[in-house]
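Hi everyone, thanks for coming. Let me put the structure up on the screen, and then we can walk through it together.

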Amino acid sequence: MSNISFLGCGKMGSNMIKSLASAGQTLTIWNRSSEKSHSLSGENVTPLDSLEDALKASPIIMISVLGYEPACELLENHGSILENKIVLQLSNGKPKDAKKLNELVVSFGGKYIDGAVGGYPSQVASQDLQILYSGNQEAFNKIKPLLEIFGNAIFISENPSSASTLVNASL
């Protein structure tokens, strides 16, 4: 079992995975393209080819895919696995879709946090990256030290769409 399961190994996700592993966190990672996840294999990082196994591997699930809809698709058939887990979405999109993902995770018994990234992959693990968070504040407080590895972690509201709303408004 690892500390974190990380889904999505694109540019942002890869940099986040590397920063967490460098900080001593153990990660199970998964990507639709297994070549990407296997290329990140190393100390503290274990790639898996099975999404279900990756979801089962950790109490914290971080997702960095191309928006809320793909994240919903990844989770919708794995409800029982999400019970009592913290699910953190780190992809930007429409606020209404953040609410939908929150409802899905909560309906499965999980705790949802929405992370709206205000920066570029090259800024991960620096104070130049700002991520606004909204959703379950208790879950946020529990994992805040992990989130500070990425950069500035700012919790703004228990309304799960607030972070997305603010980042979209600033753009």
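How far is the sulfur of C9 from the closest cysteine sulfur? Before I answer, a word on what you are looking at. This is a predicted model, so local features need pLDDT of at least 70 and side-chain atom pairs count only at pLDDT 80 or more, while totals for chains, interfaces and linings use all residues. Residues are numbered from 1 along each chain as its sequence is written, and side-chain values use heavy atoms, with hydrogens and water left out.

Back to the cysteines. The closest sulfur to that of C9 belongs to C72, and it sits 19 Å away, which is too far for a bond. A disulfide here is a pair of cysteine sulfur atoms within 2.5 Å, and by this rule the count comes to zero. C9 is buried, with a relative accessible area of 4%, and C72 is buried too, at 8%. For that label, buried means under 20% relative accessible area, exposed means over 50%, and partly exposed is in between, with a 1.4 Å probe and protein chains only.

Now to the inside. Nonpolar side chains tend to be buried together in soluble globular proteins. In this model the largest nonpolar core has 32 residues, and M62, L90, Y133 and F150 have the most contacts inside it. A second, separate core of 21 residues includes L55, L75, I81 and Y112. By nonpolar core I mean a set of buried Ala, Val, Leu, Ile, Met, Phe, Trp, Tyr and Cys residues joined through side-chain atoms within 4.5 Å.

Let's zoom in on L90. Leaving aside residues up to four places away in sequence, L90 touches F6, M16, M62, I63, S64, G115, V117, I131, Y133 and F150. Contact means heavy atoms within 4.5 Å.

Helix 7, residues 162-170, is worth a look as well. Its buried residues are S162, A163, S164 and V167, and they pack against helix 4 (68-75), helix 5 (95-107), strand 6, strand 7 (130-135) and strand 8. Helices (H or I, at least four residues) and strands (E, at least two) are DSSP runs, numbered from the N terminus.

What about charges? A search of the whole structure finds three salt bridges, each one a side-chain nitrogen of Lys or Arg within 4 Å of a carboxyl oxygen of Asp or Glu. E52 and K56 pair at 3.0 Å, N to O. Both lie in helix 3 (residues 51-56), four residues apart, about one turn of the helix. E52 is partly exposed at 35%, and K56 is partly exposed at 45%.

Next, K111 pairs with E138, the closest N and O atoms being 3.6 Å apart. This pair links distant parts of the chain, with K111 in strand 6 (residues 111-118) and E138 in helix 6 (residues 137-147), 27 residues apart. E138 counts as exposed, at 54%, whereas K111 is partly exposed, at 31%. Then there is K144 with E148, at 3.8 Å, N to O.

Let me finish on the surface. I154, I156 and L166 form a nonpolar patch there, with about 220 Å² of accessible area together. Those areas come from the Shrake-Rupley method with a 1.4 Å probe, and for residues only the protein chains shown count as cover. Patches are made of residues with over 30% relative accessible area and no salt bridge, joining like charges within 9 Å and nonpolar side chains (Val, Leu, Ile, Met, Phe, Trp, Tyr) within 5 Å. I154 lies in strand 8 (residues 152-157), and at 32% I154 counts as partly exposed.
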